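Colleague: Take a close look at one part of this model for me: the charged side-chain pairs. Then follow them to wherever they lead.

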2 protein chains.
Amino acid sequence: MTRLIGMLIFPRLTQLDMTGPYEVLARLPDTKVELIARTLDPVTTDRGMQIVSTVTYASCPPLDIVMVPGGPGQQDLMEDEEALAFLRRQAVSAKYLTSVCTGSLVLGAAGLLKGKRATCHWAALEHLKPLGAIPVSEKVVVDGNVVTGAGVTSGIDFALSLAAILEGEAVAREIQLQIEYDPAPPFDSGSPKTAKPETLAALNAKLTALNEARREVAARVGRKLGTAL
Amino acid sequence: MTRLIGMLIFPRLTQLDMTGPYEVLARLPDTKVELIARTLDPVTTDRGMQIVSTVTYASCPPLDIVMVPGGPGQQDLMEDEEALAFLRRQAVSAKYLTSVCTGSLVLGAAGLLKGKRATCHWAALEHLKPLGAIPVSEKVVVDGNVVTGAGVTSGIDFALSLAAILEGEAVAREIQLQIEYDPAPPFDSGSPKTAKPETLAALNAKLTALNEARREVAARVGRKLGTAL
């Protein structure tokens, strides 16, 4: 039977959170990837690219794997009862609940990460806590049937790990070779641990407003879930 | 003045060839990224995802940077006179001609790589030769105003290198931190040099037909260009 993977897409999604894992997981044998949105209209991502959904919350069949990507639009999703109800409904029968980047905050907002170890984009990791999850600063975190990946490009590492869980290491290795994932970043600046202090400071300054807004949403949702202090 | 980057999209494009660089380059200051296709209808990529173009060959303004991604559909593009004419027209005024993965074969087919050092997906690198280019087995190759990246995920390394060329290293480093590009592949299987022999053999067997088709197209186009032996 065909494995069904469903990835949520929504306004102001960071497209690489989804397109990275898509490239890996759509190469699994006997697998179909659905892109799920509120409607079938093209979805506009945070930098403008428009992507077309294949099913709606209402028409999406039961999924084997649910994946929620992140991006600034994740905040609205955290209080979108229609999206949260969709995730809760799918969670009943899905084999794996997964996310990339701030998508884990959406899983958390749906009440699906209570007591679970999970990761997130480095700049938003702390907001998992009021949602009842245990934040872990790692690239890919597996806790039972919950698999989460860190920020944006981490979705490729996440997806190769998930591919190995689903189909075994040999298949994952072959996909890695297909997509020539032998990364050679020109700089060592991909983590707050390795970035220059001035790079981190400049970026943190730009992220202040977004981070404060995320903190407020996470606290509000956490109070509603009964998980926030 | 706003920098204009144009990325070609076409049927059976490998979407990550484009979406990886898009995520990096759309974050450059004062920059707009256009997605160029024959029409404004959604384009269906090789694994099914549909992406919406923003301009057509006819309506696209002069670009500062042209980027051609790859994927199995690149072969049709290599003999698509409308696409090749578009690239030649843009090449007259563009500051940089760039590609990711087998997109370099399309630049080559347009006659834009004669005598230029360039890279490509590892499995298709040899086909640059009949198009008059000098194949180089590296992640990112810069030869004057031609910047090429190797296969699929290499587009992220390519785009960070290009970002540094265009805006300086500090900006590129900040984007790298934004997208948490601190790769941690779960396996060492992203290059024919590091993959297990059985992984490489299994994949090469699957690629035989595609590779032979590519060889034929490259030879035919090369004869037309006068660059093939």
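Modeller: Glu169(B) is partly exposed, with a relative accessible area of 38%. Here buried means under 20% relative accessible area, exposed over 50%, and partly exposed in between (1.4 Å probe, protein chains only). The model is predicted, so local features need pLDDT of at least 70 and side-chain atom pairs count only at pLDDT 80 or more, while totals for chains, interfaces and linings use all residues. Residues are numbered from 1 along each chain as its sequence is written, chains are lettered from A and ligands numbered from 1 in the order in which they are written, and side-chain values use heavy atoms, leaving out hydrogens and water.

Glu169(B) has a salt-bridge partner, Arg173(B), with the closest N and O atoms 2.8 Å apart. A salt bridge is a side-chain nitrogen of Lys or Arg within 4 Å of a carboxyl oxygen of Asp or Glu. Arg173(B) counts as buried, at 13% relative accessibility. Helices (H or I, at least four residues) and strands (E, at least two) are DSSP runs, numbered from the N terminus.

Over all chains, the count of salt bridges comes to 28. Asp76(B) and Arg12(B) make one of them, at 3.9 Å, N to O. This pair links distant parts of the chain, 64 residues apart: Asp76(B) is in helix H2 (residues 74-77), Arg12(B) in the loop between S1 and helix H1 (15-25) of chain B. Asp76(B) is exposed, at 55% relative accessible area. Arg12(B) is partly exposed, at 41%.

Next come Asp64(B) and Lys95(B), whose side chains meet at 2.8 Å, N to O. Asp64(B) lies in the loop between strands S5 (55-56) and S6 (65-68) of chain B, and Lys95(B) in the loop between helix H3 (81-91) and strand S7 (96-100), so the pair ties together parts 31 residues apart in sequence. Asp64(B) is buried, at 16% relative accessible area. Lys95(B) is exposed, at 54%.

Now the interface. Two salt bridges cross between chain A and chain B. Lys206(A) and Glu174(B) meet in a salt bridge of 2.5 Å, N to O. On the side of chain A that touches chain B, the elements giving two or more residues are helix H1 (15-25), strand S4 (50-52), helix H5 (154-167), helix H6 (169-178) and helix H7 (197-225) of chain A. That side divides into 30 nonpolar, 17 polar and 14 charged residues. (Ala, Val, Leu, Ile, Met, Phe, Trp, Tyr, Cys and Pro count as nonpolar, Asp, Glu, Lys and Arg as charged, and the others, Gly among them, as polar.)

Strand S4 also meets its counterpart. S4(A) and S4(B) (residues 50-52) pair in the antiparallel sense over three bridges. Two strands pair if DSSP finds at least two bridges between them. Gln50(A) has Val52(B) as its bridge partner. Four strands form an open antiparallel sheet, in the order S3(A)-S4(A)-S4(B)-S3(B). Strands S3 (43-44) of chain A and of chain B stand at the edges, each with a single partner strand, so one side of each is left without a neighbour in the sheet.
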